[in-house]
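Hi,

Here is the structure I said I would pass on. Have a look at it first, and then read my notes below.

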Amino acid sequence: MSVINYSNRVIDFKIVYYGPGMAGKTANLQYIHRSLPHANRGNMISLASGDDRTIYFDFLPVSALTVRGFQTRFQLYTVPGQVQYNATRRLVLRGADGLVFVADSQFDRLRENVESLRDLEANLREYESTLDEIPYVLQYNKRDLPNLAPVTYLEFILNRRATRVPFFEASAIGGKGVFDTLNTVSRMALASEFGGKRERRDEAS
Amino acid sequence: MIRVPLVRIVDQLPVEMFARGREGLKDTLRPGVSLLVPRNLLLPHLGEGLAPVKWEVVADQFPVDELALTHEEIADRLPDSSLLLPLDEVVPQIPPALLALQTPPADLGEIEEFPAPFQPHAPAPPEATATDVEETPEPDATEVEETPEPEAVDETEPEQEPETEAEPEPEFELERVASAEPEPPTTAPELVTAAAELLTRPEPVVELAPAANAAPANVAAESGRSEQARRIATLLAPLLNGLEIGQRDGAGTTLVTVVAPTLSEDAVARTAARLVPFLADARLPEPVTQATLTAAEATVVLTPFESPDAGAILLTAVASRASLAWLERLSRTAVREAQLGTSNGKHAEPRSELGARIELRAANVPAAVRELAGSLTAFGPVSPTLLCDHAGALSACLFLPSSLDALPIARFARDLHLALEGAEVGRMVSVVLKLGAHRLVLRAMDGVSGSVTMLVGVGRIDRPGLARIELDRAATRLGALVRS
């Protein structure tokens, strides 16, 4: 959940990019890092492996709006996508204020997408949470590559829910869809914290 | 019915099922031959991103007189008795209406009161890929380089201003942060923060209490460098679920050990001792800066601090490859200040005489092997060399840049391979040696019997993961070639 520092008037949100290995999570953060004004971003920490893959996490802190007198900061994380790193994924997932599920749009990666989504749901259950409770968007990445599954089918396998979440077609390596994704999940996190839903939650409690 | 060209699933069929072997297979695969599968059998599985079909469903589409096995035998040879149909053949044949979701989209009206928090300020500079990050000189990729920022970009765009007159709250403004370096994340898990600190600073500056299972006092580090290693190892321990830390002398060097508790530290150390003599072997173009052994029961990483002959070696071991690559990186980070010897001072004469009696002779390279060389794109341009023993049996297949002499490296690889026979952590699968910018990958060949049959690739590898995968594939193909 978001962390508010009242003395400094700063609120921190944690956004986690989840998805199967090689889907483009790190590419999202790299593009964001390159494209944001220097003053609005910190250094990107990237722990890649000998296999060119994220082993522990990528981390990019960025700052954004002032909302109701609070400066908002977003800490963007990726998780390692490979199946064997589940403990790390669960660790990074803890306290997430928003989730981006980055799916690989290629036909031959669809099964990994489904398994990763199941893995995400299972890890959230460990924290007694669900995808319905966290601002969450889908990104169908690698739309620039051949052998793509149609969006209709990606929706069919990844967004079959009582309420469909927003999705974005993307080519993260070139930046397409990257900021649409980030802005939407960030706004959803802001709305969750400052919007009517939060107020209604507070009233109910 | 869904029609799937047979050629798309042929890789899943056991060759022995065909009475006429490969010839029969070729006949079956003549252009235009397809499997027909009822659509309603596939629909229930499509939501899982799969299109499996039981063998019994398609069995009668294969001519019986071409089959050498019964249908039951064929089914037994298939995973779950099923073939997996390629989705790119299946999905386009499914009417879109059957896939269209009827559930409503989420109501995003509430987010409209918040302007987009982030505006990219300029077109991104040329790609800095993950590979680029990976291959940044040590310390590796802990921080992406800052790219120059174009000037005079107005970040506060008019359309981002909210309608403040109607409603004073909420207030939004795009605001520069006083510092370019946001504070460490306060919402991050502690371990993540700890790792971030570890990797963004040249040395760990946070004094941690010794781990409960840290090295006892009588094995406290005797040098500054090994003390640093122990501190790093202590830092690693809580991040990796209780790796056990110790220190011991062996193979003429000091081993600072960080070993998964499920492994025998003794077995790991004994295996490491087999490897240590090879780290400064004169037959290599450069001394080894890191060695990674993947064996049946463990993966072991050796990262020398100083000269592998006289200095300390950080020895990490895990039961699987799960945390291995991360350990490789952190181990290198831990010892990055170490000054490894150069080729004129630190190389040692070959120590192993294990394979001295086995002579190697060059053999003709078949076209299929030359093709394999072309498939090893991650290694850069390499040429194949085949070496046979005195009996004419294939002993080694090397893919090397033309600047390297194959024979010394083959002998080195042979000795290393022999040294690892009967290793305490199980059969060797592969050894990767980091030699400055080069990597040498030694791999046992798939399915080929014999004591010294191996595959060696060397190159300036920008994408080590790809290199490993390509060599794995090459090993499989080469193994098939040898067997046939």
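**What I found**

B:Val258 sits in strand β7 (residues 253-259) of chain B; helices (H or I, at least four residues) and strands (E, at least two) are DSSP runs, numbered from the N terminus. This is a predicted model, in which local features need pLDDT of at least 70 and side-chain atom pairs count only at pLDDT 80 or more, while totals for chains, interfaces and linings use all residues. Residues are numbered from 1 along each chain as its sequence is written, and chains are lettered from A and ligands numbered from 1 in the order in which they are written.

Why does B:Val258 count as buried? Because 28 other C-beta atoms lie within 10 Å (buried takes 20 or more, exposed 12 or fewer, partly exposed is in between, with C-beta atoms placed from the backbone). B:Ala317 is 59 residues away from B:Val258 in sequence, yet the two are 6.5 Å apart, C-alpha to C-alpha.

As for chain B overall, its secondary structure comes to 14 helices and 16 strands, and 38% of its 484 residues count as buried.

Cheers
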